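Colleague: I would like to go through the terms used for this model. For each one, please set the value against the rule.

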Amino acid sequence: MSIPPPPHPAWGHPYYAPPRPAPVNGLAISALVLGALCFLPAVGLVLGLVALSQIKRRGERGKALAVGGAVLSSLGLALWAAVLATGGASAFWDGLREAADGEGTAYSLTTGQCFDTPGGSLEGITYDIDTVPCAGEHDGEVFASFDLPDGSYPGDDEVTRSADERCYALDGEYAMDAWALPADVDVYYLTPTRQSWRLGDREITCLFGSTDERGSLTGSLRNDGTTLDADQVAYLEADAVLDAALESEPGAEYVEDDLPGHRAWAGLVADALAERAELLRGRTWPAGAERPVADLADGLDRARAQWRRAAGAADADTFYEHYDKGYDLIDPADAVTARKALGLATTPPSYEDTGDTGGDGGGMEV
């Protein structure tokens, strides 16, 4: 077996392995990292100076790294000195703690809390809010919150639909008396985004806020069992029975388009009127309220008769005839005397500007 000759070096020179490069000094690398991150700048400066000494003595590489780390660390020391002198360090760490705990953010709000936003607007709030006493002026008040089911993100439209539907259904539990809400108050809500959903955010927060961009709320809007007496609560619970029936009106714009649906609805209203009258008569009211409440119940009986006839109407014209009479007999003004006797608000809410009927309108996402 023949042995091949050794390879000939190129250009007639002998072949040598290339020399190994000097190692990079590890302290120089550490100094640059600490300097770039502005983290422990004093340590970064010391490491940079020690690294320069070792590089010169050992013949290692990394002089530029060590010099860069020392310079950046010096700048970091100057920055930290300025921060400490102005109290900024305390604010920085407080901010980190608040972010970790959810404090000072819109996501930390709980039912009954009132808050201010930096610009006074509820649009787009996700952070930097200040909880304030409800007795004074404030930008918003939380009246409910709930979680969406786990799973994949349902999409912006579905999240908004759920918020609109549930928040309007829940506002009556916190503010039982719609008459007591200022005219410029509407429902807003905070919803999860696609990004926050990935982090486990499922909560929708329902808020009251002013529709006037330069307006604010003053005093708590809460009126429920925690703020009202037993007679007031009983009256409002009876009121809610009729409100729920009225809000279930069919979606068809004209009776002619869905006469069976409107007849069924009229029957529900007639039943609700009977139940409301029974609830009002079944309670012993304070002396000053007995007669006004009894008169109101009598008016409900007369209205019920008209709604019952509308429920049995053979055609749209007959329906309209009894429907109009029935509505006239449940005029909110008829309840003012009873409300005054019970210490409740006496100015009926107006929905003329928004077209809202007290629960079917869209809330505003923020």
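Modeller: Asp 224 counts as buried, at 8% relative accessibility. The model is predicted, so local features need pLDDT of at least 70, side-chain atom pairs count only at pLDDT 80 or more, and totals for chains, interfaces and linings use all residues. Residues are numbered from 1 along each chain as its sequence is written, and side-chain values use heavy atoms, with hydrogens and water left out.

Colleague: Why is Asp 224 called buried?

Modeller: Buried means under 20% relative accessible area, exposed over 50%, and partly exposed in between, with a 1.4 Å probe and protein chains only. Asp 224 has 8%, so Asp 224 is buried. Arg 222 has 30%, so Arg 222 is partly exposed.

Colleague: What makes Asp 224 and Arg 222 a salt bridge?

Modeller: A salt bridge is a side-chain nitrogen of Lys or Arg within 4 Å of a carboxyl oxygen of Asp or Glu. For Asp 224 and Arg 222 the N to O distance is 3.0 Å, so the pair meets the rule. By this rule the count comes to 14 salt bridges.

Colleague: Which parts of the chain does the pair Arg 281 and Asp 301 link?

Modeller: The side chains of Arg 281 and Asp 301 meet in a salt bridge at 2.5 Å, N to O. This pair links distant parts of the chain, with Arg 281 in helix H8 (residues 259-281) and Asp 301 in helix H9 (residues 287-311), 20 residues apart. Helices (H or I, at least four residues) and strands (E, at least two) are DSSP runs, numbered from the N terminus.

Colleague: How do you know that Gly 225 is exposed?

Modeller: Gly 225 has a relative accessible area of 58%, and exposed means over 50%, so Gly 225 is exposed. Its place is in the loop between strand E7 (217-218) and helix H7 (230-246). Leaving out residues up to four places away in sequence, Gly 225 touches Met 176 and Val 233, where contact means heavy atoms within 4.5 Å.

Colleague: Why are Tyr 323 and Tyr 327 called edge-to-face?

Modeller: The whole structure has 11 aromatic pairs. In the pair of Tyr 323 and Tyr 327 the centres are 5.2 Å apart and the planes are at 85°. Rings of Phe, Tyr and Trp (its six-membered ring) pair if their centres lie within 6.5 Å; planes under 30 degrees apart count as stacked, over 60 as edge-to-face and the rest as tilted. Tyr 323 and Tyr 327 are four residues apart in helix H10 (residues 316-328), which means a separation of about one helical turn. Tyr 323 is buried at 18%, and Tyr 327 is partly exposed at 30%.

Colleague: Why is E4 called largely enclosed?

Modeller: Six of the eight residues of E4 are buried, so E4 is largely enclosed by the rest of the structure.

Colleague: How do you know that E4 and E6 pair?

Modeller: Two strands pair if DSSP finds at least two bridges between them. E4 and E6 have seven, in the antiparallel sense, so they pair.
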